[in-house]
Amino acid sequence: LIKGIAERIAHQIDIQTNQRETTVDAVQSALRTFTSISSDNNLSLFNNFLSVCSGKSLPSEDMKILDQMGLTENSELSSTTKSHEEEDC
């Protein structure tokens, strides 16, 4: 019984570790894309960019800024941003 519980706990730890690594990889990829398109080091803008990447909506004023930077088009990732993402995959 204890061996089975220990194996399940070890499996859960492995899964959580893999999820963390995947999350870190995704954030690093988004950061590379953001910095390759924008010279602005504003963390608030980067947070807004991450929100769009994850499919969340933003207030129109924030979307307008990302549109002006070329990161988004019509509240979606721009073709330039998508091409950068594909290069990182």
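1. Among contacts (heavy atoms within 4.5 Å) in the protein chain between residues at least 6 apart in sequence, 37% join residues at least 24 apart. This is a predicted model, in which local features need pLDDT of at least 70 and side-chain atom pairs count only at pLDDT 80 or more, while totals for chains, interfaces and linings use all residues. Residues are numbered from 1 along each chain as its sequence is written, and side-chain values use heavy atoms, with hydrogens and water left out.

2. The protein chain has 4 helices and 2 strands, arranged from the N terminus as α-α-α-β-β-α; helices (H or I, at least four residues) and strands (E, at least two) are DSSP runs, numbered from the N terminus.

3. Of the 89 residues in the protein chain, 21% are buried, where buried means under 20% relative accessible area, exposed over 50% and partly exposed in between (1.4 Å probe, protein chains only).

4. Threonine 72, which is found in strand 1 (residues 72-73), counts as buried because its relative accessibility is 2%. Its side chain is joined to that of aspartate 67 by a polar contact of 2.4 Å, a polar contact being a pair of N or O atoms within 3.5 Å; within protein, one must be able to donate a hydrogen and the other to accept it, and residues adjacent in sequence count only if both atoms are side-chain atoms. Not counting residues up to four places away in sequence, threonine 72 touches Val52, Met63, Leu66, Asp67, Leu77 and Ser78.

5. Isoleucine 5 lies in helix 1 (residues 2-37) and counts as partly exposed because its relative accessibility is 38%.
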